[in-house]
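Subject: Structure for your files

Dear colleague,

Please find the structure below. My notes on it come after.

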Amino acid sequence: MDQTFSIIKPDATKRNITGSINKVIEESGLRIIAQKRIKLTTNQAEKFYSVHKERPFFRDLIEYMTSEPVIVQILSGDNCVERYRAIMGATNPENAENGTIRKLFALNVQENSVHGSDSTENAKIEIDFFF
Ligand code: ATP
Ligand code: MG
């Protein structure tokens, strides 16, 4: 069974909407097969988003991702990497399609409520990082 890695981000845990997000995930047919609530350390967040370390928003992103607890999750289902990216919607909620998690819940391009792996290869790396 295909798996992907998800994070429900600090803006969502802070607003107490993790259940609403899980409802969208489960109604799409994807299955939450593991999840835990953790507070990322600066070191973990920097490693996780190291691909973005040269970007102007990197320091802000690390501060945000360590500001409140997150829920890290393993999702399963056929083609779940692509399916979860579709359910999440575009990075910037202004560009996200109706019904997507980011359209429904995200506050802005940074506080965009969820992360999902962008490839099967990265899904495996990210799952191994947290589980
Ligand atoms: P994620 O990797 O979190 O699933 P993504 O793949 O849609 O999101 P990326 O380009 O990988 O988007 O950016 C990683 C995260 O960095 C975004 O989800 C968002 O929180 C933040 N981010 C991206 N672009 C910007 C920006 N222009 N300004 C501020 N924050 C940004
Ligand atoms: Mg990304």
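The model is predicted, so local features need pLDDT of at least 70 and side-chain atom pairs count only at pLDDT 80 or more, while totals for chains, interfaces and linings use all residues. Residues are numbered from 1 along each chain as its sequence is written, chains are lettered from A and ligands numbered from 1 in the order in which they are written, and side-chain values use heavy atoms, with hydrogens and water left out.

Ligand site

Ligand 1 sits in the largest pocket. A pocket here is an open set of points on a 1 Å grid over the protein atoms alone, where a 1.4 Å probe fits, with protein on both sides within 12 Å along at least five of seven lines; to sit in it, a molecule needs more than half of its atoms within 2 Å of its grid points.

The shell around ligand 1 has 14 residues, of which Tyr49, Thr91, Gln110, Asn112 and His115 come nearest (near means a heavy atom within 4 Å). By class, the shell holds five nonpolar, six polar and three charged residues. Helix H5 (80–88) and strand E4 (114–116) each contribute at least two of its residues; helices (H or I, at least four residues) and strands (E, at least two) are DSSP runs.

- threonine 91, at 2.5 Å
- histidine 52, at 2.9 Å
- asparagine 112, at 2.9 Å

Of the 570 Å² of accessible area that ligand 1 has on its own, the protein covers 79% (Shrake-Rupley method, 1.4 Å probe).

Single residues

Serine 113 lies in the loop between helix H6 (101–105) and E4. Serine 113 counts as buried because its relative accessibility is 0% (buried is under 20%, exposed over 50%, partly exposed in between). Its side chain makes a polar contact of 2.8 Å with that of aspartate 11.

Lysine 39, in the loop between strand E2 (31–38) and helix H3 (42–48), is partly exposed at 49%.

Asparagine 16 is not a glycine, yet has a positive phi of about 65°. Asparagine 16 is in the loop between helix H1 (10–14) and helix H2 (18–27), and is exposed, at 71%.

Asparagine 79 also has a positive phi, near 50°. Its loop runs between strand E3 (70–76) and H5, and asparagine 79 is partly exposed at 48%.

Regards

How values were computed. A polar contact is a pair of N or O atoms within 3.5 Å; within protein, one must be able to donate a hydrogen and the other to accept it, and residues adjacent in sequence count only if both atoms are side-chain atoms. On a 1 Å grid over the protein atoms alone, a cavity is a set of points where a 1.4 Å probe fits but cannot get out, and a pocket is an open set with protein on both sides within 12 Å along at least five of seven lines; lining residues have an atom within 4 Å of a point. Ala, Val, Leu, Ile, Met, Phe, Trp, Tyr, Cys and Pro count as nonpolar, Asp, Glu, Lys and Arg as charged, and the others, Gly among them, as polar. Buried means under 20% relative accessible area, exposed over 50%, partly exposed in between (1.4 Å probe, protein chains only).
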